[in-house]
Structure formats: C-alpha cells, structure tokens
Amino acid sequence: MSQSYDPQSLERSIQQRWQDSQVFRAPAKPGPNKFYALAMFPYPSGQLHMGHVRNYSIVDAIARYQRMLGKDVLHPMGWDAFGLPAENAALKNGVAPAQWTFANIEHMRAQLQRLGLSYDWSREITTCTPEYYRWEQWLFLQLWKKNLVYQKVSTVNWDPVDQTVLANEQVVDGRGWRSGALVERREINQWFLRISAYADELLAGLEGLEGQWPEQVLAMQRNWIGRSEGAEIQFPLADGSGSIKVFTTRPDTLLGVSYLALAPEHPICQQAAQHNAELAAFLERCKLGGVSEAVIETQEKLGAPLGLDVLHPLTGERLPVWAANFVLMSYGEGAVMSVPAHDQRDFEFARKYTLPIKVVITQDGEVPPAEALTAALTKPGILVHSGPFDGLDSESAKKRITEALAARGLGARRIQYRLRDWGISRQRYWGTPIPMIHCPQCGVLPVPERQLPVLLPTHYQLKDPRSPLLDDPEFLEVTCPQCGGPARRETDTMDTFVESSWYYARFTCPDAQAMLDERASHWLPVDQYVGGIEHAVLHLLYARFFHRLLRDCGLLPRQDSRFDEPFARLLTQGMVLKDGSKMSKSKGNTVDPQGIIDRYGADTARLFILFAAPPEQSLEWSDSAVEGAHRFLHRVWRLVHEYTPPVPPQPASLGDEARLLRRQIHQTIDRVSQNLAERQHFNVAIAACMELSNALAKASGRTQEQDLSAVLGEGLRTLVLLLAPFAPHLAEDCWQHLGEEGLVAQARWPQVDPAALAVDQISLVIQINGKLRERLEFPADAAPAKLQELVLQHPQMQRHLQNKTPAKVIVVPNRLINIVLP
C-alpha cells in the first residue's frame, strides 16, 4: 500500500466536503425528533486554548452522535464579544476595541474550523453588533414598563484598576475577578434588574433539574438564592420616634440581644456621623473594603458606637447601637440584632469591645457563665433566662416569640432571600448602551423604541479607563422625548453577563426581525449544555432568570413545561492541567492547540482530549498520550485501507471465531452507545473502540475465510461509525474507502443485533473455600442445580475435590461457583 495516513491533507479535504454539502446546517423548523447541543460560547481573546478544545470536542461528539441517531441537530457557535478584556487590550495595544475584537474573531473562527467542529456557521452571532444588542435594549425597555428594572444609589464593589462596578459574584477573595485589585466600597447610582422577584421560582425550578444537572451546581445555586425563614423585628429608638428594623432567622435568641449593629451606609449611621468626628472617620475607613459576603467574612470585625440606644421590643431594656463593618446594607434592613452568646461573629465583636454576653439557649441543661465561654453556642436547644419562654425548644420558641412581637406590633414572620437584585451598570465603554435618557425637567425616561438601537460608537482610540462616552457630545447630547428640551444619554453600559444570558435563544432565530420568533419554541430548550463549573452561579443563574423574562414578555410559551428552563441537561467539564496545575501563560505550562493540530492533526487532538479522562474530571496533559492517540488513528487507517471492499455477504452460519468476533462487535456497539447517550464517559467509549480495533486486526490476516472476512468487513464498518463522533475526519475517509455512499456524518448509528449477543457457553470462576482454582466453560442456559452437578463431575475439578463431599455449593449466576469443603 503506497498511501500513508496524512491527517493534514485528509482533514482539509474532508472539511471542504462538509462545507460544500452544508451537512451541518440545521433546518429552520426541526421535526419532532430534535436535539440542540451547545457549548458556552467563547470570549474572542484571539487564541484557542486547550480548555476550549476540550469543551468544544465534548459537545461536537454529542452533536455528531445525535445526528447519526437521525435527529435534527442544532449546533451553533458565536462570540461573547463585549467586556473589559477587549477594552484593556485595546488600551495596551493602541487599537480600537472593535478593531481588536473583530480581528480576534476572524482568527479564532479559522482555528475552530480547522478543528472540524460540526457548527452551523450560518447562525453565528456576535454580541457587540447592533443586530444583537438592539434586542436586549428592547427587552430593557419592556422590563422598565413592568417595573422589573430600576435605578437607585447603591453601595457597590468598585474596582480601582478596571474603573468599574463589580457584582458580588465578581469579587474573589476581596479582589476584582479580572484585575486582581483590592475592591473598594463606593456609593453610585446604579441600574438593577429585579431578579429577587423571581427568587421563589428560580429556587423551585432546581427540583426539575435533579439528575440532569450536576448536584454541585444545584447546591451552589440553592445556596446563592438562600431562602431563609425568620422574623422581622422592630427595635424602637429609646430617645425620639422611629425604630430600627432587623431580620433574623433566630428569633428564639431575642432575649439574648445585647446590642444592635448597623451597616456603615445605614442612614442612622450617616446622620449620627454628622456630629461625631470619630464615627465619621470610622465610616470613611469602611469604604476601603468590598461589599461582597466573602470580603465581609474574612476581614477584621471593627465597629464604633453611635451614641444612641434602642429599646428591647419585649423587655424594654436599653440596648446600644453600633456601626460595624461586617453588616451589609444590602441584606435585610442593613441592621442585625447581635446575640454574642449564640453567634460567633457577634461573640468576637462583643469580646473585642467588652459588650455584654447573655446565654439564653442550653443544649444539655447546663448554663455556663458568660465569662467562661470561649466560643459562641450556636446550636438550637432549650430556652433559659428568657422569661415566659423558658423551657421551650428553639423551634417552638421561634413561633411563640414571633407571635408575641406581632401582638405588640413590633414584629412579624418573614421570608428573606440571600439573592440580591442584579446590578447591571458598568462605568466602562465597551458594552451595550443602556437605553435611557436623563432630562433636567422630566427626570429619567426610556429611549423611544423607534430610536433603537442606541448605537455604541466604535471609532474611539482609548487613552485611559475613563469611558469616552462621557466626553462625546454626539453621543451624550439628545433631545428629551417628552418635553423636547436638552437632555443627555445614560453613559453606563450593561454588564456583559446580560449578553450571555439570552444568546442560546437567539441562536434559534439569528436573523429574526424581533428579539425571538416562533423558531425559538421549535428548538428550545437546549438539550445539552456544556461549560465550566466556574459559571455555576453567575452565568447559569442569570440565564435561568432571563429565560423567565423572555417568557413573561411573551417571547416563549407560558403554559408549556418544556420551556420552564433554558438548559435541559448540563455537563460541567474539568480543567486541562499540565504538571499538576492549570495551564497558564504565567506558569509557562501552556500547550498551543494549533501546534498539536499542525503536527498530528485535529482528530488526534480531539481523540486525546476525550480519551484522557471522564469529561467532568480534570485532565492531565501528556505528550506521550497524544502520540499514542495518533498511533491508534494511524493503525485504524491502515487496518481499513488494507481491507478490500466490498464487504462479502455473511454466510448463514458462522464458525466459532467469526461468531465470537461478531459478538464483540455488537457488545462494542452497546458499550459505546451507553457511554455516549447516558454516562457521557467518552474515554470508556473510545477504549471499547480500541479493544475492537485490536480484535479486528487479529482477524485481518485471514480474509480468505469467507465467514471471517464478512464479519471483519462488518466490524470495520462498525468501527468507523463508532469513531465518527471522536475522529470525524478519519471516519469520513475510511467510510469512503469501504465503498459506503454519502457522508459518515449523515450515516445511521449502528444497532445492536440481539442474536449476535446470544452465547452458548459462559465462563465461570470456580472457587474452593473462597479461593480461585479454575475458570471453566458451561452451557449458558444451565440452571443452578445443573451447574452444581456439572462442576462436581468436571474432570479438572477432581484433583481439587480429592474425593471429599462438599458441605455446600454456592452458585452466583453468570459469575462464579464456590465449593465449600469440610
């Protein structure tokens, strides 16, 4: 055979055939058997990395398998193109963000096409184009009408390097998730989406995803939504009118309160600071930290007295009020009742500032003196030192104390959520303009829908992080749509998570003359979604929220449970590691996918990355394993090309060797199918293909035997079909060599022949007193009593039995026989 396996020329030729035939183009309206496969779309950084290759190879294998099952498959690709990285790169390189972004898209698109991924490129979307972002501006206006979007002054996380607001989820260990800078607190006028209005629905919806989404992701979302049952309690001001409201999940500890702690931004703190220089200085220092819970939990707990008291709502006792840096204005009412004996944070604060500690809960009947405590007693128990509530267990006391507060008009049962409304304002340029107008006469008004899109200028040459929109009169100065007077545009842009919260729906109708059209209801939900676990809270929660917004704006059916969630099934792939750590340029341990493709071909890169580990686990890079994957593909290519088609018809009866080989072929079909469809353990499926190729190679030298030659042909055809999702270029070439018509990408997945799996004989392990002695063949249909008779009479067993009569014979069907000798 003169030819040799040349993946570079072979793959380019096959890719041209795919392109010419438009084989991966999805129909506008699928039939009843549809499958929507989607990977989280990339930010166009300019260069693919191995994490991309793994993500997209996983989804491509799934999409190709589903297409071979005869389904209409939608498998699109696009670009999450707005955001700080493009802006920062443009600053660094002296180019406009749009120019930098579109150049990167061109390069990355070519890289993806070289991998041979089965994308429908006719549906490509880029989020920084007006054709895309005009519709999220339209949605913003619909939400404004529904009171689901609003503006208010808010204490926010401010990144001093990136010069923008960060959501709590974007603060990691007190630092900005991209810049790494220490985050500060600032008060800024912000735009919010009212995600809290959907908290109950978002929480309840997780139940329907059990078994389809990773449990870790479901747990993280439940924790982030954070439903808490408790009581809202009012503490009247001791001097003057008014009260301070708090929310607590532990009203059973109310009699142990010794002080109230307020967030530094609380109006009462701000008012008290006007006449207290020491307090004012403390409040100013509090601005140096972020407002995320992670930051609050790890920083030193500090406070300052306000010089005023409140009255205990049940006893009338005077309690001091403090400003404390660990209280968030965004949680509850920005105030907490502090019970040092039964909350560790309150305990540490009370010890630091010598505040009273009162024990009101006991677990064992013993009531330790407060001064003897070394830590707070946080578990529920029985009430003590609580007057009429003494002797009640915590759960009963919660109800009784809340009722007592309600009777006095100073409390009520309340459900609280940890989930806060989503602040979407960003004070940077490269993002979707918020379609609002500020008029000095009429206030804040929406841009008229007929004027959409509000176009983002793309010509700016950035000189610093300050948004050029602030200084551009052409963008800034407009006429008020209500009074006709001079007004100005909103200069904040939307958080880029807005774009990625609905792109999955736009892929179904990328050319629609509305945000979505009827094609969305034909293709949604996404049947299989794949991406990193790092998006468990941010992106996935926001996408679930947007799915409900799209429904409530009439863009998706309301009464059909199929549309309850955007992603029916989720797979979160593990990281690609090298030398035990995540690949990164700073560590010098990156591997360029293009280099692997240029040397070994795209199929080798894909096969290695799918074979090296189960998809949900981290994958350790191995140069030798890449070479091993390449050698395997070369062997398969040679095995197929050394076979001379056409495949002869199989005779009516097969010899033992042919029958055993055919059984292995159909066992492999069953094994690969299960690991593609349900378990999604592609490594196990590929291992089964490798085992089958070895068996076929052994038979390949005996093609003069008609039955073996026919089964070998069936096996090679089957092997090519089974490898098509993992090594599609090689599979297409081999399919063509075997004389098959059309493309393997459109061929039907092989079906298991039950008759081929039938066995006449089974091999059983034989034990004597639990120790392995033999492995013997028996009739497959023999009953346990017959197996017991046969094993005791078997010639090979006589030397083990030594004429002894067994005390017991234990038959484990299809596995073993254990003979117990006295």
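Which residues does H666 touch, not counting residues up to four places away in sequence? I shall open with that question. Please keep in mind that this is a predicted model.

H666 lies in helix α20, which covers residues 656-677. Leaving out residues up to four places away in sequence, H666 touches E714, Q751, V752, D753, A756 and L757. Is H666 buried or exposed? The cut-off for buried is under 20% relative accessible area. H666 has 4% relative accessibility, and therefore counts as buried.

Let us turn to helix α17, residues 593-600. Its buried residues include P593, I596, I597 and Y600. Where do they sit around the helix? Viewed down the axis of α17, the buried residues fall within an arc of 100°, so they line one face of the helix. An α-helix has 3.6 residues a turn, so residues three or four places apart point the same way.

What covers those buried residues of α17? Among the elements that do so are α1 (7-21), α2 (50-68) and α4 (97-114), together with α18 (602-611) and α19 (623-641).

Both ends of α17 deserve a word. At its start, a side-chain oxygen of D592 comes to within 3.1 Å of the backbone nitrogen of Q594. After the helix comes G601, whose phi is positive, near 100°.

Helix α4, one of the elements covering α17, also packs against α3, residues 84-93. The axes of α3 and α4 are 8 Å apart, and the packing angle is about 105°. That angle makes α3 roughly perpendicular to α4. Which residues meet at this contact? From α3 there are A86, E87, A89, A90 and N93, and from α4 there are P97, W100 and T101.

My last topic is a sheet. Four strands form an open sheet in the order β22-β21-β24-β23, and their pairing is antiparallel. Which strands stand at the edges? They are β22 (443-446) and β23 (477-479); each has a single partner strand, so one side of each is left without a neighbour in the sheet. From one strand to the next, the twist averages 40°.

Strand β21, residues 436-439, pairs with β22 in the antiparallel sense, over four bridges. Within that pairing, I437 has L445 of β22 as its bridge partner.

To return to the opening question, the residues that H666 touches include E714 and L757, and H666 itself is buried. Thank you for your attention.

Conventions: Residues are numbered from 1 along each chain as its sequence is written. This is a predicted model: local features need pLDDT of at least 70, side-chain atom pairs count only at pLDDT 80 or more; totals for chains, interfaces and linings use all residues. Side-chain values use heavy atoms; hydrogens and water are left out. Buried means under 20% relative accessible area, exposed over 50%, partly exposed in between (1.4 Å probe, protein chains only). Helices (H or I, at least four residues) and strands (E, at least two) are DSSP runs, numbered from the N terminus. The arc is that of the directions from the helix axis to the C-beta atoms. Contact means heavy atoms within 4.5 Å. A polar contact is a pair of N or O atoms within 3.5 Å; within protein, one must be able to donate a hydrogen and the other to accept it, and residues adjacent in sequence count only if both atoms are side-chain atoms. Two strands pair if DSSP finds at least two bridges between them. Axes are lines fitted to C-alpha atoms, for helices over the stretch in contact, and angles run from 0 to 180 degrees between N-to-C directions. Angles under 35 degrees count as roughly parallel, over 145 as roughly antiparallel, 65 to 115 as roughly perpendicular and the rest as oblique.
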